[in-house]
Amino acid sequence: MFGKRDGLASPKPAHAEHAAAVPHLSLVPLPEPVAVKENRKPAPQRAAIYYDLKKEIFDALLEAIDVTQLSMMELAAARQEIRSIATEILAAKKAVVSAAVQDEMVEEICNDVLGYGPLEPLLARDDIADIMVNGSDPIYIEVGGRTIQTDIHFRDNAQLLNVCQRIVSQVGRRVDESSPMCDARLPDGSRVNVIVPPLALNGPTLTIRRFKKDKLRLDQLVQFGSITAEGAELLKIISRVRCNVLISGGTGSGKTTLLNCLTGFIDAEERIITCEDSAELQLQQPHVVRLETRPPNIEGLGEITMRHLVKNCLRMRPERIIVGEVRGPEAFDLLQAMNTGHDGSMGTLHANTPREALSRLESMITMGGFTLPTKTIREMAISSIDIIVQAARLRDGSRRITHITEVIGLEGEVPILQDLMVYEINGEDDKGNIIGRHRSTGVVRPYFWDRARYYGEEKRLAAALGAAQQSAF
């Protein structure tokens, strides 16, 4: 009955694992976002009947189609073909379900075959910052800085593990009992972390850090209140005049978003090399080389670390080096690069204040096995880094750039820092939203003034600092 449909007939039964052969079809955006009902769970009785029927249809569908031929079709045509066949199978089983439930079931089957199952309606939304899957329990999302429980969940841990394996296999990685932790990315650049049993006790745990389809710009951060117009102008100048910038902040504070914004002011003629654990930067310049680390294989061989990438990119004639996140001994190589003619390099790290960011760099270098005196490491950091930009996620979920700080020098063994702009918290309103303001510290001639004059930006720098000082009063 279902064997002759546009050449998709399969002479022998296809198996569920063959569905992994078509993950690339999910790269095309879904036609319409599916609404997500939040803070509700489906009734357990209804869920059991629903999923039993869905599994029967799914198994029959895989026997009726040739997945290999399906993978060569356009996504829209493939979805329509699956939708048509699944509807016929449902009718043949004479299942008593409403039209709404039937449409929902068929849509979910399409997502299971061609995409990432229950995640598809969430991935179609552009307002979600994080997707958190804790086993087969209902999925949590972060929207507008708030964590919300949805009524979407996986059928069981086996379905969730299958989706996790499909995601990581797209970037040549794997996740199983022998390799239970993995970092990966989605085709749109979203960052993915997977941890599975035996390390995750309640089943596979999947965390997806989403990035907007339309890359944010600094002027949009001004609209959101993350920074003032004067602060944004100051950051533009800092990027243009090739200051070495370190972006510091906690988890979810917007470090990568801010790094993307700053790279937007790099000249199109410059050769940029990015080094990342999972490639997520979205540089728009034409001359960009993207490098990504690689985990060891099943024999424990073939690992390429961030330090390998940073050391190698020095041989690739870079004009700017962008490190997605500094986590370990690659900090030493990045500082060496910044100090040997690769001005304008940038990186991010986890720290709560600009001064703490310097201490973290020192700790990373020390833990990497370098036997340099503490003062030598500090002198290297001070001479390499020009600006530290501090980002923070406040308790109301909002994100702010809290410091734009110059690194000036050492006094004895203590780093000398100079704030150009800071964010002050004054309280909160009756809805719990933070009330604060960005203010200039009154510095009118920053330490990188001569660099700005070399690039012809001193007048704009003076105007930006002057305007910031006036707006502070």
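I looked up His-342 and recorded it as buried because its relative accessibility is 12%, buried being under 20% relative accessible area, exposed over 50% and partly exposed in between (1.4 Å probe, protein chains only). The model is a predicted one, in which local features need pLDDT of at least 70 and side-chain atom pairs pLDDT 80 or more, while totals for chains, interfaces and linings use all residues. Residues are numbered from 1 along each chain as its sequence is written, and side-chain values use heavy atoms, without hydrogens and water.

I placed His-342 in the loop between helix 11 (330-338) and strand 11 (346-350); helices (H or I, at least four residues) and strands (E, at least two) are DSSP runs numbered from the N terminus. A polar atom of the His-342 side chain lies 3.1 Å from the backbone oxygen of Ala-337. Beyond neighbours within four places in sequence, I found His-342 in contact (heavy atoms within 4.5 Å) with Asn-244, Leu-314, Pro-318, Glu-319, Ile-321 and Ala-337.

I next checked helix 3 (residues 75-92): its 18 residues should span 26 Å at 1.5 Å a residue, and the end C-alpha atoms agree at 26 Å apart. The expected span is 1.5 Å times one less than the number of residues. Its buried residues include Arg-79, Glu-81 and Ser-84. Just after helix 3, I noted a positive phi of about 55° at Lys-94.

Lastly, I found 1 aromatic pair in the structure. Tyr-454 and Tyr-455 form this edge-to-face pair, 5.0 Å centre to centre with 85° between the planes. Tyr-454 is exposed at 67% relative accessible area, and Tyr-455 is partly exposed at 34%. Rings of Phe, Tyr and Trp (its six-membered ring) pair if their centres lie within 6.5 Å, with planes under 30 degrees apart counted as stacked, over 60 as edge-to-face and the rest as tilted.

Terms used:
Polar contact = N/O pair within 3.5 Å; in protein donor to acceptor, adjacent residues only side chain to side chain.
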